[in-house]
Amino acid sequence: AQAAYRLNRQTVLAGGVSYIHGEKRNAAGSVWFRPQEAPFNITETSDSTRGNKNSDTYNIWGALSYNVSNAFTLGVGADFTAANYAKQKDPRQKDNYLDFTISPGFMWRLGGGFALGLNYTYRRTMENMTFRLAGRQDKVYEYLIDRGAYFGRTETTDETGYTDDSFEKPLLDESHGAGLQLEIDFGRATWLNQLDYYHRHGHYGEESQAQINFSRHSGDGFNYDSWLEFHGRQKDMIHGLQLHVDYEKVTTRERVYRSETSESGVTDIHYYGSRESGRWQKGSVRLSYQYDPTGEERGYDMLSNQPAAWSFFADAGYSYRNTTASLYPFYRQQKLHDFGISARAKYVRPVGDVRAGGSLSLGMLFGGGDKAIDGDCATPADGQTRPQTPSVLLDRSYEYATATRLNSAIGVYVYVPVSAGHYLKIHPSYSLQKAFGIDYLEGSARNEVRLTVEYGF
C-alpha cells in the first residue's frame, strides 16, 4: 500500500508499506538473503542437503518535500526493510536482514527552464547469520567459502570459522553517496539527468577482542540516468527515451589472525594484517523507449474518458561482471557478459463503465564469456595443491548467467471505478521463460501465473 498527500500548499507527504512471504522448495545455494550484493559468498556444496527456505520481508518508506519558496524546495526520503530468511533442513542457517536508507536533498529552480538538485544518501545493511544443526550432532556438513566464481576453501560444520555455531556473525555494509540532478524544460520536451556516486565498506564477523573479524571489504560505484520526454499539449508524455549506466567495483581482504584461549577460558584474537581474497567489478548500460500518449503505463487517467489507446515499451541492454578470486598462490578469473532486448505492447479501451485491455511482451537474452581461468601468482610450495570444489556449482552458475533464453508474457487489464477518483485494478498475467542448450540446470523452462489486484485513489 502506498499513498501521497498534500498537507498544504508547501508540504507534500508520501509513504508506503509492504509485506512479502516467500517459500523455496528443495533449495540450497547461498546463505545470504541478497547474495548479489554481498562481497563474497557462503554456499552449501552438496545437493543432498537441499531443503525448504522461507522468508518474510517487511518494508516501510516515506518522503517529505517542503517548498521554502517558488524557487527552492527541501526534501528527505527514508526506506527501511527487515527480513527473516531461514533454511529448514540441516545444515540450517538463519539470516536476520536489515536495510536502512536515508537521503536528504534540495532542488533549486534557476529560471529559464533549468532546475538543479543535490542529495546525500546513507545506506546501512546487515545480515546477521546463525549456523546450527538440529539433527545428528555427529554428522558433518560442508560449506564453500566462495571468494568468487566458486573458488575458495571448504569448511565443515565441526570447524571453527566462518560457519561455526558459537556466535551470530554479522555481514555489515555501509555506504555514503551524493547525487546531482539537472532538469531542463524546453516547453514541449523535458530532459532530466541524475548522477549518483557512492563509496561502500564493511566487514564479516564481530569487531571485538573475543570474536573474529574475518574479512573487510570496500568499493565504489556510480549510476547515471537520463530521461528525455516529449509532451503533448497537456504535458502528457507521448514519447520517452531513457539511458541508464551503472558501474561498481568491490575488493575483499581476508584478515590473518590467531585465536588463543587462556587457562581461565578468556579468548584473545591477534591480527597480523590482511591479504586480498577477491574482487569483482560489474557494469551495465540500457537504452529504452516508451510511447504512452494517455499515461496508462505511468498510472494516469485510468478512468478518464480517454479513447482507445496503445502504449509501447522497448529496451536493449548490455551488462558484464569480471571476478578475480585468490587463495594464495592460486587464483581464478571469470568474465561474464550478456545482451538482451525486449518489447511490450498494451492496448486499453473503454468497455461500458470500465477500461479494459491486454498486453503482450517478448524478449531475448544472449550471454557468454570465460567460465574459469585458473592460474598461479607464485610458485606453489611443496605440498600446496589447488583447492578442489564441486565443478557442478560453477557449471550451473555459468549456464544460468549466459544461456540463451526467450521471454514471453501476456496479460489482461481491467480498471473498475469505485467512486470519484478511486479505482480497482485487476491484472492477471502469464509468463514463460525458455532457455536453450541446458546441460547442468534442472529444467529449461519457467512458467509463472500471477494475479495483481490494486486499489488506487
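How do the residues of the lining of the second largest cavity divide into nonpolar, polar and charged? They split into four nonpolar, one polar and four charged, where Ala, Val, Leu, Ile, Met, Phe, Trp, Tyr, Cys and Pro count as nonpolar, Asp, Glu, Lys and Arg as charged, and the others, Gly among them, as polar.

A word on the ground rules. This is a predicted model, with local features needing pLDDT of at least 70 and side-chain atom pairs counting only at pLDDT 80 or more, while totals for chains, interfaces and linings use all residues. Residues are numbered from 1 along each chain as its sequence is written, and side-chain values use heavy atoms, leaving out hydrogens and water.

**Cavities**

Searching the whole structure turns up two cavities of 30 Å³ or more. A cavity here is a set of points, on a 1 Å grid over the protein atoms alone, where a 1.4 Å probe fits but cannot get out; lining residues have an atom within 4 Å of a point. Volumes are the space filled by probe spheres set on the points, with grid points joined across faces, edges and corners.

| Cavity | Volume | Some lining residues |
|---|---|---|
| Largest | about 70 Å³ | including Pro39, Phe40, Tyr162 and Glu254 |

The lining of the largest cavity has four nonpolar, four polar and two charged residues.

**The second largest pocket**

A pocket is an open set of points with protein on both sides within 12 Å along at least five of seven lines. By class, the pocket lining has nine nonpolar, 13 polar and 10 charged residues.

**A three-stranded sheet**

Strands are DSSP runs (E, at least two residues), numbered from the N terminus, and two of them pair if DSSP finds at least two bridges between them. Three strands make an open, antiparallel sheet in the order β3-β8-β9. β3 (41–44) and β9 (152–156) sit at the edges with a single partner strand each, so one side of each has no neighbour in the sheet. β8 (residues 142–146) is joined to β9 by five bridges, and Leu144 stands opposite Thr154 in β9.

Terms used: Helix = DSSP H or I, 4+ residues; strand = E, 2+ residues; numbered from the N terminus.
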